[in-house]
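Okay, thanks for coming, everyone. Let me put the model up and then talk you through it.

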Amino acid sequence: MSDCLFCKIIAGEIPSSKVYEDDLVLAFRDIAPQAPTHILVIPKAHISSVSAINGENSAVVAHIFEVIAKVAAQEGLTGGYRVVSNCGDHAGQTVHHLHFHILGGRQLTLEMA
């Protein structure tokens, strides 16, 4: 999608602080981190949200979770980390391109807003 922020990052039109990239996935540091380690992992194919995952694109989501484990280990998140995906406006999704937040590097609270 031409107006999608994450598609522009994938295309190299907007710079990012990449931590991992392969043919299917890109992982980069969040520009407004909510924890000492805050990395976004996104599919290179535009999928709008968790609600748009289906039989045709679910393999890339499985691959994303493999990448999440690899990136968490690479970042030294041995004490644990959180994986979050907001789905829709009411959940706080601000970029409508499927993405998973890796949050770690400190003790995280269980508070849900």
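I'll go through the sheet, then the helix on it, then the aromatic pairs and the cysteines.

Quick housekeeping. This is a predicted model, so to speak of local features we need pLDDT of at least 70, side-chain atom pairs count only at pLDDT 80 or more, and totals for chains, interfaces and linings use all residues. Residues are numbered from 1 along each chain as its sequence is written, and side-chain values use heavy atoms, with hydrogens and water left out.

We've got an open sheet of five strands in the order β1-β2-β3-β5-β4, with antiparallel pairing. At the edges sit β1 and β4, residues 81-84, each pairing on one side only. From one strand to the next, the twist averages 20 degrees. On terms: helices (H or I, at least four residues) and strands (E, at least two) are DSSP runs, numbered from the N terminus, and two strands pair if DSSP finds at least two bridges between them.

Let's walk across. Strand β1, residues 18-21, pairs with β2 in the antiparallel sense over three bridges, and the two make a hairpin with three residues between them. Follow leucine 26 in β2: it is the bridge partner of glutamate 21, and its bridge partner in β3 is isoleucine 42. Between β2 and β3, residues 37-43, there are five bridges, again antiparallel. Strand β2, residues 25-29, is mostly covered, with four of its five residues buried. Buried here means under 20% relative accessible area, exposed is over 50%, and partly exposed is in between, using a 1.4 Å probe and protein chains only.

Contact means heavy atoms within 4.5 Å; axes are lines fitted to C-alpha atoms, for helices over the stretch in contact, and angles run from 0 to 180 degrees between N-to-C directions. The buried residues of α2 are Val60, Val61, His63, Ile64, Val67, Ile68, Val71 and Ala72. After α2 comes glycine 76, with a positive phi near 75 degrees.

Now the aromatics. The search of the whole structure gives two pairs; rings of Phe, Tyr and Trp (its six-membered ring) pair if their centres lie within 6.5 Å, and planes under 30 degrees apart count as stacked, over 60 as edge-to-face and the rest as tilted. Phenylalanine 6 and phenylalanine 28 have centres 5.7 Å apart and planes at 75 degrees, so they are edge-to-face. That pair links helix α1, residues 5-10, to β2, 22 residues apart. Phenylalanine 6 is buried at 4%, and phenylalanine 28 counts as buried at 4% too. The other pair is phenylalanine 65 with phenylalanine 100: 5.1 Å and 65 degrees, so edge-to-face. It ties α2 to β5, 35 residues apart. Here phenylalanine 65 is partly exposed at 41%, whereas phenylalanine 100 is buried at 5%.

Cysteine 4 is buried at 7%, and cysteine 7 is buried at 14%.
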